[in-house]
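User: Could you walk me through how to read the interfaces in this model?

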Amino acid sequence: MKYSYFPGCTLHTQTKNFNDSIKSTSAILDIELEELKDWQCCGAVYPLTTDSAMGLVSPYRSLQKAHECGNNLVTVCSACYNVLKRTNLTVANDGEIRTKLSNYMDVDEYAGESKVLHLLEAMRENNGFGIIKEKTINPLKGLKVAPYYGCLLLRPSKELKFDDPENPTIFEEFIKSIGAVAVDFPNRIECCGAYVSITSQRKVKGASESILKSASNREADIIITSCPLCYHNLAKEQERLEKDDYTFKPIPILYFTQLLALALGLEVESCGFESNKIDARPILKSKGLIYRGDA
Amino acid sequence: MSTKTKTEIASMIKRIELISGESLFKCYQCGKCTAGCVMADEMDISPYKVIRMLQLGLVEKALKSESMWICAACFACRERCPKEVDLAKIMEALRVIQIREGKPLIEPDQVDDKVIEEMPQQGIVSGFRKYN
Amino acid sequence: MKKIGVFVCWCGLNISSTVDVGKASEELKNYPGVFYADDYKYLCSDPGQELIKKTIIDNKLEGIVVAACSPNMHESTFRAAAEAAGLNPYRVEITNIREQTSWVHSNKEDATIKAIQLIKATVEKVKKSEDLFPQQIPLTKKVLVIGGGISGMTVALEVAEAGYPVILVEKEPQIGGNMAKLSETFPTLDCASCILTPKTAEVGRHSNITLMTNSEVVESSGYFGNFTVKIKRKPTFVDWEKCIGCMLCQEKCPKKTNSDFEHGMGKRKAISVAFPQAIPYRPIINEKECIYFKTGKCKMCVKVCPVDCIEFEQLENIVEENIGAIVVASGYELLPKEKLSEYGQGKYADVIDGMQFERIASASGPTEGVIRRPSDGKIPQSIVFIQCAGSRDNQKDRPYCSKICCMYTAKHAMLYKHQVHDGTATVFYMDIRAGGKGYEEFVQRAIEDDHVLYLRGRVARVYEEDGKLVVLGVDTLSSEQVRIEADLVVLATAVIPSEKAKVLGQTLKVGTDAYGFFNEAHPKLRPVESMTKGVFLAGCAQAPRDIPETVSQATGAAAKVITMFSKNHLVSDPQVAKVNEKICVGCLQCEPICPYKAIEPETIEVRIGHTVEKRQVATINKGLCQGCGACSVACRSGAMNLSGFSNEQILEELKALCL
């Protein structure tokens, strides 16, 4: 299956390990991702105002381009996904905005005909989890993985239709397919505090802490996510907890494709573990899931 | 006390409804938004109360509150609201009104260099989109 | 030219403030065919009616127009007055100059012009009116009651006591409905079965009631006074005539299965009776669970039965009954917990709904009335009750109030506190709706005497953490977020119509609202009648309500049936369709259009010269026809006409308005 691929700003800069692991694993899974040429930032937040269409210009441009390539669009970063999918729905339903945007940008009108998919959705569509299971040569047996969904993948569910917003299962399916154990922790659907941390990390303390504690309560070995901002907030909060709370044992946070890479038998070096804030290799080693690696 | 006339307040309410596309008077104050809000603890005025103030015409008080800047737009409230009120959009309308009046929460040069260095690009962009 | 009288009503100021009634009557005096015209302050008053009568007699009028309020209000009043004056009532027509004129306009001049035009049009209609005579329709004095809950039983007993035969159809194997599952009842805390079982027993033994449990109505035809229904009697696999109710079979049956009656809180045997006071007290085999049906082996029940009444080969059969009236009392269910994803989507054993709580609080329930939580049987030290779970919720497509939850939640909390004095009972509510005799006092007792903690706010989430249920709520009165660790959570889930109500509605041609509750004919004045004549409504089938209200409404429905049966025949409205056989071409385009299935083909003999030919034409069943006029619109040859609204009359009206 061939898709246009929208990596988004962070995956090309700060979280190259996320991007690399997406590329290496999708190649094995026959998911062909062709990076959209000249893509530009999605805007990071879907504009919630109704009186200005400016915030939609940038995501519309990417959507329109992907459609010209004739492919459905795959993205992975939760924020990109949220913005692109909602914009796609808006231009499908609102002719006035669509015309306004096309006229402004002087491009052909695009009415949301292509689909916007998260990589997990693209997998779900094509029996990807079955295929992963087949192609997993290093099943992550005994590894307790806490899937952290956060907000932007799930909500608003009526628009995104990603999964049940209160009881999602897609990450769990994914975790099962790589042979690991999904940890059911209640705060997996709660928000980490998002961009509020730009003003002060302290303000998101409560939100991030409860997620980490909830996962740690359920004895998770690893937390996975699909959102660089969640990753950042949880990692920063973990730094603080390590200092302030001696009972707290930090949990490595990974992008889900990093674990996928490991399960599909890629070299440990290519899984990008060295760039993670908390090294996952010791725990993976202790579970007998990697034999080499630095730590 | 409000310094605005009744008509001015009414037009501010209308403006909030226009920008957000939400009807403020649909809300019946059940508090479900607040019950599940992970940021409510940080807010000076609870989310449901922000709507209540607007219903009562206390627009200036609502605009002075910090709550809208604390809202992380995670949509948990919108997801669960039995009256299908999108509170995130109402918070956005309040932010936008302040920003358009030249009162953003932050200016780029106020943000700590360390934050800019550590925060993912996605976070920086969203922060500035919401706060400036 | 007929002699026509016109009466213009002021309706006090209702009409006269916007329509110049004097000018209208003056102008009508000079209109062709109008022999008399006048205006009067209140035509519906006694002197007003007298004026009409006297004028008809004195002037020998042949038709009258009353320009007043909507015909829904006083058409029958004025027609009766005309009849008393010797005029055929169907020569009286109403012009609605209130709802359709004075109330919807503000410019008096324009409104007066409109009123005059409308009256003139009606005069033209009256010129073409004919004498019409109601017909007598025979009547079967037997009622079918659908649903054997407290409402259906109440109807059945009332009608039976009045001396008329009743067929009571219930889909479950026993009667009693939801009330049979309740523990105690608000606001008196008397035991539900203590007040219900005398009723079920009476229904069971009443000589005028034929009880058909484990049965469903699958087809209905005919019209009011004369329905034919088909009832599916599902197999019980036990010959109930032979069975003596010793229940040895139930005792010895090796297969335990979940009991529907216990709502997942308890078990039953594959052959069993739902509860000890069930009527009829006869067992039924659950085909899906029975070992014999699954494997062909076992037959333990056959071995122990002393009267040899087990019949594995029993099949369902259909019985046909002729009846005169139908009462729909199909009851309610609760919104499945699976629909409430924020409250665990049904995956936590200790998040239960109100009916499940009733079962664990019921003396005849699986815990013998000791409130224990389902997961481990422990007595909960903290219970959280969540009201409006799915009700008043547009997201769940249930924007309505379920009405009974405020009261039963107060009762639940109270029952719990009476058992576990040091336990904590917390209720999340939005508004306490305790309108009813003794209801508010009851809720206050729960709060004051039993220290039930009422928190005003909704709950956002319920999840499990360390063996406890965590409830994330809010108290909007203090603006505090509330996090409670509970042992048991009880959801007051929305009251919804019985799952089969929609299909039943289609079978009986009775409309339902967007949620599936049956529609009443008029929300205030005809609350127990459906829009289909001869079909009445009782209980929660129409809307959520509690027991006292259900019993009142059921008694009302019974009174309607008894009134209907008190006559020896029924009188039909003559304003129905009629076919002009001479020009009907027998195309039967009208047949599928008729919503009441009142049109059928008929073969008639026509003499043409010396020969007699057979020809197909449409024919109207005057009992079924409701006078909607759809057929007359569809008829291409103009053979179909609605008496009282004939094509000719309507054309004359239009001509007067438009030409």
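Predicted model: local features only at pLDDT ≥ 70, side-chain atom pairs only at ≥ 80, totals over all residues.

User: What area is buried between chain B and chain C?

Analyst: About 1600 Å², with carbon and sulfur atoms giving 45%. Y28(B), K32(B) and A35(B) supply 33% of what chain B buries there, more than any other three residues.

User: Which residues form a salt bridge across chain B and chain C?

Analyst: A salt bridge is a side-chain nitrogen of Lys or Arg within 4 Å of a carboxyl oxygen of Asp or Glu. The rule finds one here: K32(B) pairs with E342(C), their closest N and O atoms being 2.6 Å apart.

User: And how many residues are in contact between chain A and chain B?

Analyst: Contact means heavy atoms within 4.5 Å. By that rule, 46 residues of chain A meet 47 residues of chain B. These chains bury about 3900 Å² between them, 59% of it on carbon and sulfur atoms. L48(A), Y195(A) and I198(A) supply 22% of the area that chain A buries against chain B, more than any other three residues.

User: How many salt bridges cross the interface of chain A and chain B?

Analyst: Five. One of them joins R80(B) to E166(A), with the closest N and O atoms 2.7 Å apart.

Methods
Residues numbered from 1 in each chain as written. Chains lettered and ligands numbered in written order. Heavy atoms only, no water. Buried area = accessible area lost by both parts, 1.4 Å probe.
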